[in-house]
Amino acid sequence: MKKLLLIFSLILVPQIFGKTFVVKTSDSEKGVSMTFSPLFLEIEVGDKVKFEPTDEGHTSKSLFVPEGAQAWEGKDSKEIIVEFNKPGYYLYDCANHGVMGMMGLVVVGEPENKEKVKNFYVKHKKNVVMNKNRLDQYLLED
Ligand SMILES: [Cu+2]
């Protein structure tokens with residue numbers, strides 16, 4: 001009986017504690033071109049994000065992750081599910097349209113790397129030619 005309970009809890013625990021959020025990749029949404037939707041997410045450690053290719057030709061690729069966290073790189077027009085096991089700010093973009101401001105941000109748990117991601121973001125934006133300020137409100141304003 002104990003063994004059975006153990007097996008049950010091993011199966012059920014991840015489903016109880018890990019939620020899956022969906023981020024869509026889109027050519028255009030509400031007048032905004034080349035965007036992730038939503039482009040900002042706050043989640044808990046152990047949660048997952050499914051990047052869903054609503055439109056073709058987009059990817060999700062990490063640009064900046066907390067120290068020790070796993071980077072990711074999705075393929076063109078393919079769904080990718082990323083599990084977030086370390087707290088912190090995670091910045092990502094689309095490999096094809098990052099330069100057009102197609103960036104997104106995930107904040108996991110209680111982050112401690114805001115200064116680092118901020119510095120990275122400010123430098124990175126210099127290579128972005130349009131819509132480069134989309135994430136300013138989450139990263140540069142307190
Ligand atoms: Cu794209």
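Strands here are DSSP runs of E of at least two residues, numbered from the N terminus. Ser 62 lies in one of them, strand β5. The model is predicted.

**Overall make-up**

The protein has three helices and eight strands. In sequence order the elements follow the pattern α-β-β-β-β-β-β-β-β-α-α. Of the 142 residues in the protein, 25% are buried. Contacts between residues at least 6 apart in sequence join residues at least 24 apart in 63% of cases.

**The sheet with β1**

Four strands make up an open sheet, ordered β2-β1-β4-β6, and its pairing is mixed. The edges are held by β2 (32-37) and β6; each has a single partner strand, so one side of each is left without a neighbour in the sheet. From one strand to the next the twist averages 15 degrees.

Strand β1 covers residues 20-29 and pairs with strand β4, residues 48-53, in the parallel sense over six bridges. Within this pair, Phe 21 has Val 49 in β4 as its bridge partner, and Val 22 stands opposite Lys 50 in β4.

With β2, strand β1 runs antiparallel, and five bridges join the two. Ser 28 has Ser 33 in β2 as its bridge partner. The two strands form a hairpin with two residues between them, and Lys 30 in the turn has a positive phi of about 50 degrees.

**The sheet with β5**

A further open sheet of four strands has the order β3-β8-β7-β5, again with mixed pairing. Here β3 (40-43) and β5 stand at the edges; because each has a single partner strand, one side of each is left without a neighbour in the sheet. The twist in this sheet averages 30 degrees from one strand to the next.

β3 pairs with strand β8, residues 103-108, in the parallel sense, and four bridges link them.

Helix α2, residues 114-124, lies across β5 and β7 (88-93) and runs at about 20 degrees to β7.

**Ser 62 and Trp 72**

Ser 62 is partly exposed, because 17 other C-beta atoms lie within 10 Å, and the cut-off for a buried residue is 20 or more. Not counting residues up to four places away in sequence, Ser 62 touches Ala 71, Trp 72, Tyr 90 and Tyr 92. Leu 105 is 43 residues from Ser 62 in sequence, while their C-alpha atoms are 9.5 Å apart in space.

Trp 72, one of the residues that Ser 62 touches, sits in the loop between β5 (61-64) and β6 (80-83). Trp 72 counts as partly exposed because it has 19 C-beta neighbours inside 10 Å. Leaving aside neighbours within four places in sequence, Trp 72 is in contact with Lys 61, Ser 62, Ile 80 and Val 82. Trp 72 and Ser 60 are twelve residues apart in sequence, and the distance between their C-alpha atoms is 7.8 Å.

**Backbone geometry**

Most residues other than glycine have a negative phi, and most peptide bonds are trans. Several places in this model depart from that pattern. Ser 77 has a positive phi near 60 degrees, and Asn 131, which is not a glycine, has a positive phi of about 50 degrees.

| Residue | Phi | Loop | Other C-beta atoms within 10 Å |
|---|---|---|---|
| Asn 131 | about 50 degrees | between α2 and α3 (136-139) | 17 |

The peptide bond from Ser 37 to Pro 38 is cis, and its omega is near -5 degrees. Pro 38 is in the loop between β2 and β3.

Key: Residues numbered from 1 in each chain as written. Predicted model: local features only at pLDDT ≥ 70, side-chain atom pairs only at ≥ 80, totals over all residues. Buried ≥ 20, exposed ≤ 12 C-beta atoms within 10 Å, placed from the backbone. Contact = placed C-beta atoms within 7 Å. Pairing = 2+ DSSP bridges. Axes fitted to C-alpha atoms, helices over the stretch in contact; angles between N-to-C directions.
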